[in-house]
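Please open the model in your viewer and keep the sequence panel beside it. The tour below goes from one selection to the next and says what is found at each stop.

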Amino acid sequence: MKQAMGKGGVALVMVLAVAMSVLAFLTEVPAPPVGDAGICLPSPSQWNLLPFISWVLNLALLLGTTAGIYLFNKQFSVVPGPSAILAPIFLLMTVSIPWIGGTLTGSAILTPVALSMLSILCSAYGSRNASQEVFLVATLLSFGSMIQYAFVFMIVPAIVIAALFKCLRIREILAMLLGLMAPYWIVLGLGLVSPDSLRLPALSYIFDSVASKESLFICMLNLGFSAVIAMILALYNGIKLYAGNTRRRLFNLAICFTGLFAVAGMIVDFNNFSAYVVTFYLTAAFQLADMFALWNIRRQWIWALIICCVYVGFFSASLF
């Protein structure tokens, strides 16, 4: 099977993505006002880190997630055949929004947890007792919600995916409830957090926010373009996957559900939309990789180049 991107192309795109992250850090593009907050602990935007440290941590998380995507696909073969484009296109899409690639946000923390959620649940596929896996997923999401309430949105796809994989029985439901409660029980019981610090998220609807900054407008174009393309590809890829391996089809469907709830989070919780961006790009990258793997596209490298140029264009427009 021909690949859209060889080893040289992968290396070039990775270097380009890191260079874009560096440029985003140096130009200090201001992020739009966000509702970034945790349920009981300070969110990354309130950690008062030095700008350089914030950028290093953010880049390390993004690179770690990129490596995790490669390992995830290698283990579960979600995208059939060799798919060198998957990991680098994810990283390029992510850093195409300057304030996502240039500073630490909750989005860079949510995404590796979402990827871990998918990996744990995929490993539980077909299991007669998945209570440990479900408990672990719930615990990770519960801990994450302490510093970013967007983790709460990921509880819904976790339940849907567990049900989809037929591993959501009574004991798994109880395990999920215990996993969600245990972290808060621990931090409250040890006195690490006072009950007074607990707060419910204040969601803000898209109609209540106005994009006044030009860079925010470009970001919305970027996300809108990506969402439309991902939705169209998900439908077309689904046609091919429907006639194929059941396990692969369900794994791809799980990724689609995760992306769907990330998009829903961006719309319903608009002032905190940046928290869901990287997770959305994670799922969109799988759709692009599926396109190259499933459809007989001639001269794939040209299409891969066009996709990369589009996101570099979005990044450039945001800076200038």
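Begin by selecting asparagine 222, which, not counting residues up to four places away in sequence, touches Ser96, Ile97, Tyr281, Tyr311 and Phe314, where contact means heavy atoms within 4.5 Å. This is a predicted model, in which local features need pLDDT of at least 70 and side-chain atom pairs count only at pLDDT 80 or more, while totals for chains, interfaces and linings use all residues. Residues are numbered from 1 along each chain as its sequence is written, and side-chain values use heavy atoms, with hydrogens and water left out.

Asparagine 222 lies in helix H9 (residues 214–242), helices being DSSP runs of H or I with at least four residues, numbered from the N terminus. Asparagine 222 is buried, at a relative accessible area of 1% (buried is under 20%, exposed over 50%, partly exposed in between, with a 1.4 Å probe and protein chains only).

Next, select serine 96, in the loop between helix H3 (86–95) and helix H4 (98–101). The side chain of serine 96 makes a polar contact with the side chain of asparagine 222 at 2.9 Å (a pair of N or O atoms within 3.5 Å; within protein, one must be able to donate a hydrogen and the other to accept it, and residues adjacent in sequence count only if both atoms are side-chain atoms). The side chain of serine 96 also reaches the backbone oxygen of methionine 93, at 2.5 Å. Serine 96 is likewise buried, with a relative accessible area of 1%.

Methods:
Helix = DSSP H or I, 4+ residues; strand = E, 2+ residues; numbered from the N terminus.
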